[in-house]
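These are my notebook entries on a two-chain model. I recorded what I looked up, entry by entry.

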Amino acid sequence: MNSATASEVRKTQLLTLVVIASNVVGNVSLSHGMRQVGKIVSASPLDYARAFANPWTVAGVLVLALWMITDLALLSRADLSFVLPVTASAYVLIALAGHFLLHERISAQRWVAIVVITLGVVLAEETPPRTTEGPPEQLL
Amino acid sequence: MRWILVGIIALCNTVGDVLNTAGMKRQGEAELNPRAVAHMVARIFRNPLVLAGLGALAVAFIALLSLLSISNVSFAVPATAISYLLETLLAKYVLKEKVTWRRWGAASLVAFGVLMLSW
């Protein structure tokens, strides 16, 4: 196991939280914006450009760009097999945000799915974030 | 056609994430101050592994859009679920991560939960 100091572990935890939060805020904001814009079934790029006149859409895209950068930063510090299940908590939070903020209905089946994913997240969080030392030189 | 697209999405997602992880590990652990983050982003543009990884994710995204245009969302979900298991497998054998039973359990629960979300 890695002999990471407490402050390094803190940084990884903080990055994990930012990755999850930006995924949720970005997707919910984009979803809200696109719903205001309405259906786009068109081959014209102009119709898609119209979507960017909506502040929720723009905010969503910007926050998702932040998500991409922080996700890469997290992958520089933690295992892929740790990051994948832990950041899946975004599914749970997006479903809950859809329910409470955008008033989407959640069926009994979906509530069970939410519990199952949460169990997976908790299980992964019990493992150390990084189990490798140095760069994976064996690749390419 | 649908299943070919599902395969392309799962494969490109997996390859993209594995390449990104390998590339970012080579770059070294990211620091969190604004200057270090700007430096990290600048280095990504000279990091062939991450550029290839982002390219693979872009292909997966385009394939997803094509799939969504010919079928409903529930058809896209198996691709995501497969990706979780495939990526865990490659994390173990390509990235040499220590994938314990807890991590396999976590990946399986998440994959199963994601499938359930779409039923």
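**Entry 1: A:Ile117 and the core**

I began with A:Ile117 and, leaving aside its neighbours within four places in sequence, found it in contact with A:Ala88, A:Tyr91, A:Val92, B:Leu109, B:Val110, B:Gly113 and B:Val114. I note here that the model is predicted. I then looked up the largest nonpolar core, which has 61 residues. A:Ile117 is among those with the most contacts inside this core, together with A:Val83, B:Ile9 and B:Val110. Helix 1 of chain B gives the most to the core, namely ten residues.

**Entry 2: The two chains**

I listed the elements of each chain. Chain A has six helices and zero strands, and from the N terminus its elements run α-α-α-α-α-α. Chain B has five helices and zero strands, in the order α-α-α-α-α. Of the 140 residues in chain A, 37% are buried; of the 119 residues in chain B, 44% are buried. I also looked up the contacts in chain A between residues at least 6 apart in sequence, and 78% of them join residues at least 24 apart. For chain B the corresponding figure is 78%. Along its principal axes, the C-alpha trace of chain B spans about 45 × 35 × 25 Å.

**Entry 3: The side of chain B that touches chain A**

I looked up the contact between the chains and found 44 residues of chain B in contact with 34 residues of chain A. On the chain B side, the elements that give two or more residues are helix 1 (2–27), helix 2 (34–44), helix 3 (48–70), helix 4 (77–93) and helix 5 (101–118). Helix 5 of chain B supplies the largest share, twelve residues. By class, this side of chain B has 25 nonpolar, eight polar and eleven charged residues.

**Entry 4: Helix 4 against helix 4**

I next examined helix 4 (residues 80–87) of chain A with helix 4 of chain B; their axes come within 9 Å and cross at roughly 155°. Angles over 145 degrees count as roughly antiparallel, so helix 4 of chain A is roughly antiparallel to helix 4 of chain B. Helix 4 of chain A makes the contact through A:Leu80, A:Ser81 and A:Leu84, and helix 4 of chain B through B:Tyr84, B:Glu87, B:Thr88, B:Ala91 and B:Lys92. I sorted the residues of this contact into four nonpolar, two polar and two charged.

**Entry 5: Helix 3 of chain B**

I checked the length of helix 3 of chain B. Its 23 residues should span 33 Å at 1.5 Å a residue, and its end C-alpha atoms are 33 Å apart, which agrees. The buried residues of this helix are B:Leu49, B:Val50, B:Gly53, B:Ala56, B:Ala60, B:Ala63, B:Leu64 and B:Leu67. What covers the buried residues of helix 3 of chain B? I found that the cover includes helix 3 (55–77) of chain A, together with helix 1 and helix 2 of chain B.

**Entry 6: A:Ile20**

Is A:Ile20 buried or exposed? A:Ile20 counts as buried because it has 22 C-beta neighbours inside 10 Å, the threshold being 20 or more. Not counting residues up to four places away in sequence, A:Ile20 touches A:Thr87, A:Ser89, A:Ala90 and A:Leu93. A:Ile20 and A:Leu93 are 73 residues apart in sequence, while their C-alpha atoms are 8.7 Å apart in space.

How values were computed:
Residues numbered from 1 in each chain as written. Chains lettered and ligands numbered in written order. Predicted model: local features only at pLDDT ≥ 70, side-chain atom pairs only at ≥ 80, totals over all residues. Contact = placed C-beta atoms within 7 Å. Helix = DSSP H or I, 4+ residues; strand = E, 2+ residues; numbered from the N terminus. Nonpolar A, V, L, I, M, F, W, Y, C, P; charged D, E, K, R; others polar. Expected span 1.5 Å × (residues − 1). Buried ≥ 20, exposed ≤ 12 C-beta atoms within 10 Å, placed from the backbone. Core = buried A, V, L, I, M, F, W, Y, C linked by C-beta atoms within 7 Å. Axes fitted to C-alpha atoms, helices over the stretch in contact; angles between N-to-C directions. Parallel < 35°, antiparallel > 145°, perpendicular 65-115°, else oblique.
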